[in-house]
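Please look through the structure shown below, and keep it in view while reading the short report that follows.

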Amino acid sequence: MIYDEFRADYYPGESVTIQLMTGERLTGIVRDKARLGSKVLPDGTLTQPYSRYSTSIDGRPDEEAVVDSEHIFRDRKIFTKSVLRSFIKKTVTREAWNGAPWLVKHDVAAQYHIDTRVPPHLRYDNKLLERKQQQAQKRALQPMNGLHDMNGAFHNVGPARLPELKPAPKNHKLHRVQHDHHPGVQVRRSPNMFLDQDHGPLPSVPGDNPFHFPVPFRQSVPAPVAFTQPEPPPPPPPPPKYPIEDLQLPPRDDYVRPPLKFICYDPPEGVVDSGVPDEKIQMKSVGPLLETWDTLNVYCEIFKLDSFTFDDFVQALGIANTDTPCELFTEIHCAVLKQIVSSEADGGKLLVNLPELDDDEVDEDESMPSTPEPEPEPKPAGRATRSSLAKLEAERLRAEAEAAERKRTPEVTVKHRAPELLVDFNWIDELKKRNFQDGGWEMIMVGLLHQLSKNPRQTLVCEELLAALVPPDEEPSLELIRDQYSTLDVNLRISALQIICMLTMETKAFRGYMEDCAEVMTRYRKEKIDLQRERRQAMEDLKVLNDQRKILLPENTLPSPPIGAEVSKTNGDVKATKSYDSPDDRSEDGNESDDDGRARRSLRRGGDRAVERQRKREEKERRKEAELAAKAPKQSKQFLKVLKDIQRKEDQIKECEDKISVIDNDLREADCGRTRILGKDRFWNRYYWFERNGMPYGGLPNSSTAHAGYANGCIWVQGPDDMEREGYIDLPTQYQDEYKAKFKMTVPQRKKMEEGRTSVFSARQWGYYSEPSQVDSLLNWLDPRGFNELKLRKELLLYKDKIVANMENRVQYLASQDETSNEKEQGKKEEAKRMSTRTKAQAGPEPTHFRCLDWTNTMAIDELGHLHYQPPPPKTRKGGRKSRG
């Protein structure tokens with residue numbers, strides 16, 4: 001056995017325990033090994049081979065010991081059958097066909113320089129060919145029906161075997177019998193029954209073996225006619241072993257993917273009935289919108305922000321009204337800006353790396369001349385010489401070249417007036433002081449964007465934002481910035497928020513938070529392993545206890561009461577009830593004869609006597625039951641103890657499973673390093689459920705919108721990236737033709753057929769599912785025989801209950817908010833009807849109640865004592881002034 005062979009062997013570098021001649025046991029390390037063969041003794045017997053090991057001794061660097069196999073040991077836990085089994089499982093593999101050889105895995109082979117080439121005789125094609133040859137030989141050895149001579153001499157003729165002949169005496173006897181029956185007829189027989197001409201007498205057969213063919217006979221006999229059976233048709237190819245590549249599965253025209261919804265007003269080309277809820281958001285802004293919302297909710301503890309739903313976030317970004325201040329919108333900006341520069345109490349340091357501003361930028365703007373300089377007066381011409389004429393000609397040519405260069409160079413257009421606005425405003429100092437009120441945070445945003453515009457990667461987007469906030473055709477001022485930001489386009493708001501959110505990812509606070517979460521996850525995993533080990537041990541103990549209970553059960557089974565006794569008891573109760581208590585007895589209740597008085601006198605106190613008799617019967621039955629219970633065999637104490645232990649183990653297992661589920665949820669919430677996807681479908685679309693990791697399923701339980709019961713409530717679908725699209729969908733013409741020859745359509749045609757009227761074609765396009773019925777339809781559309789969709793379907797089934805619950809909570813939350821707003825509008829209309837209409841010109845429509853206005857940053861109030869955009873309250877003295885005297 002392999003295990004026994006390795007267990008009795010030791011190798012250099014292994015930690016072992018050795019036993020010296022004195023019986024002392026010491027630990028050491030094998031330094032060298034000598035394998036000694038067998039010796040031949042004088043009597044011819046061989047001794048067993050043995051090994052000698054040279055080992056060092058721990059704690060004695062100058063001493064070594066030489067021991068044999070009987071005086072060296074290893075720890076039992078170092079080398080066990082499970083260790084050997086796991087080693088073989090991790091280092092070798094084999095293909096899925098009978099007789100496949102074991103192969104060393106590539107990483108192990110590369111590490112130890114092991115040749116992984118398979119010998120030719122062990123390859124699958126050679127094995128298959130050998131198996132076919134064996135089957136052909138078996139078919140050839142089977143008897144044929146059409147190749148028999150008159151005596152049945154040749155039973156089977158094959159290319160690899162000589163024909164079998166009958167013994168010679170029997171043939172001679174047959175020849176004599178024929179001569180006896182036909183004495184006058186000369187029968188001339190050919191030496192070979194298959195030849196028409198005679199080749200002369202056969203040579204004598206050497207020896208006495210009648211089955212030996214003479215050499216001329218063997219040379220003259222032609223090759224026997226081989227009656228081969230027709231070749232059977234080749235077997236059909238084996239069915240593929242699933243899962244396989246998703247696009248290698250045959251197309252399905254019986255089921256179409258449920259249609260996607262789009263939050264933007266410019267869905268992909270060819271989309272019909274997209275159901276756009278917002279007519280302001282562009283498709284290019286959907287990705288940054290989701291990224292920003294996910295960042296703010298996953299890292300809400302750093303920002304000190306209450307969690308908020310995605311629908312409230314979209315609504316807050318879309319409010320473009322100076323008369324409707326939104327706390328959610330303002331708190332988000334102030335909380336993110338606080339992570340870029342620390343407060344004055346913490347040193348007022350810049351926590352991110354920003355590009356440096358040009359020092360001469362403002363000076364150049366201020367020193368630009370407002371009027372053209374006067375032309376210099378021409379100098380009086382002196383005497384013309386050759387050198388002076390050459391100088392004049394050079395100056396003229398230079399002036400013409402400069403004029404042509406000025407004409408070719410376009411005039412620099414001013415896109416915004418941010419430098420003029422920031423001349424006397426240092427946004428870093430204002431951010432240190434946390435001056436966010438009265439347009440302070442808007443001015444800080446302008447200063448930050450202006451400095452970020454010096455980064456070539458962010459120049460275009462920052463210049464676009466600054467052009468909208470500080471337009472070049474208006475005088476820059478604080479009031480202008482506030483008005484421009486309050487009416488800023490929602491796509492530009494999304495872009496500005498994404499810029500500053502991604503900027504905070506570089507701070508030490510975020511890196512430290514992610515490291516802390518990683519450490520917490522490590523601790524949770526260790527606790528989970530311990531609980532799983534405890535549960536496994538409890539299940540093994542429970543199995544042993546159940547076996548003990550089965551053994552003790554026959555001796556401790558209580559006898560069931562006899563059926564006849566139950567029937568008699570029931571009949572007795574019925575009779576007693578009918579005799580004394582039944583109100584339906586006509587003979588006792590309602591006789592209208594003249595004997596009513598006598599009947600009543602004779603039955604006086606009859607009810608009391610009936611109750612007494614009923615009580616006596618019940619006491620008698622109780623005594624009988626007690627006697628039966630006393631006579632019945634009592635359950636042994638051992639059996640009762642086993643039952644209690646079983647119940648205790650079941651409770652322990654349930655407790656472990658509950659703790660494991662809690663730890664799994666904690667692991668999911670602490671996993672904040674990246675957003676986990678649910679999976680990809682056959683066309684490499686990515687599916688996201690943002691509650692999948694990094695946040696509670698319904699947001700923070702103590703947030704102001706915790707009653708909503710969801711965070712995002714949708715499954716988002718992102719198109720494939722450019723590399724996947726070019727490698728799997730938009731294939732070159734050659735591969736498209738091959739795919740069309742196999743499936744009668746190209747990959748883009750299949751995508752259009754199976755995805756229906758809504759599709760996403762690139763990673764910058766997003767759609768979503770928001771209805772519970774669409775989850776079931778999506779699961780039915782996914783094919784588990786493909787690699788991608790098998791994993792995606794598994795994740796969807798794992799989180800299906802939570803996804804459906806969040807979708808339902810989202811529908812209820814949006815519906816309840818709509819009803820509330822409708823009721824408020826109706827009340828305002830009725831109140832307006834009751835008001836005087838004398839001043840109709842001053843009346844105007846009341847602002848609609850926005851759902852996001854109900855959000856409040858309770859986390860900042862609890863931890864800081866105030867909202868982010870508010871200044872900190874003045875510090876109160878801990879104790880009053882002490883009075884003298």
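## The open sheet

In what order do the four strands form an open sheet, and is the pairing parallel or antiparallel? In this model, which is predicted, the order is E8-E9-E10-E11, and the pairing is antiparallel. Strand E8, which covers residues 679-680, and strand E11 are the edge strands, since each of them pairs on one side only. As a general point, the strands of a sheet pair through backbone hydrogen bonds, and they may do so in the parallel or the antiparallel sense.

Going through the sheet pair by pair, strand E9 (residues 686-688) is joined to E10 by three bridges, with the two strands running antiparallel, and here Arg686 stands opposite Gln718 in E10. Strand E10, made of residues 715-718, also pairs with E11 in the antiparallel sense, this time over four bridges, and the bridge partner of Ile715 in E11 is Tyr769.

## A covered helix

Helix H9, which runs over residues 310-318, is mostly covered, as seven of its nine residues are buried. The buried residues are Phe310, Asp311, Asp312, Phe313, Val314, Ala316 and Leu317.

## Arg417 in a loop

Arg417 is found in the loop between helix H12 (386-408) and helix H13 (418-421). Why does Arg417 count as buried? Its relative accessible area is 16%, and a residue is called buried because this value is under 20%.

The side chain of Arg417 makes a polar contact with the side chain of Glu420, at 2.9 Å. If the neighbours within four places in sequence are left aside, Arg417 is in contact with Val470, Pro471, Pro472, Glu474, Glu475 and Pro476.

## A nonpolar patch on the surface

On the surface, Ile2, Phe6 and Tyr11 form a nonpolar patch, and together they have about 280 Å² of accessible area. One of these residues, Phe6, has its place in helix H1, which consists of residues 2-7. Phe6 has a relative accessible area of 34%, and it is therefore described as partly exposed, a term used for values between the 20% limit for buried and the 50% limit for exposed.

Key:
Residues numbered from 1 in each chain as written. Predicted model: local features only at pLDDT ≥ 70, side-chain atom pairs only at ≥ 80, totals over all residues. Heavy atoms only, no water. Patch = residues over 30% accessible without salt bridge, like charges linked within 9 Å, V, L, I, M, F, W, Y side chains within 5 Å. Areas by Shrake-Rupley, 256 points an atom, 1.4 Å probe, with all protein chains shown as cover. Salt bridge = Lys/Arg side-chain N within 4 Å of Asp/Glu carboxyl O. Buried < 20%, exposed > 50% of the residue type's maximum accessible area, 1.4 Å probe, protein only. Polar contact = N/O pair within 3.5 Å; in protein donor to acceptor, adjacent residues only side chain to side chain. Contact = heavy atoms within 4.5 Å. Pairing = 2+ DSSP bridges.
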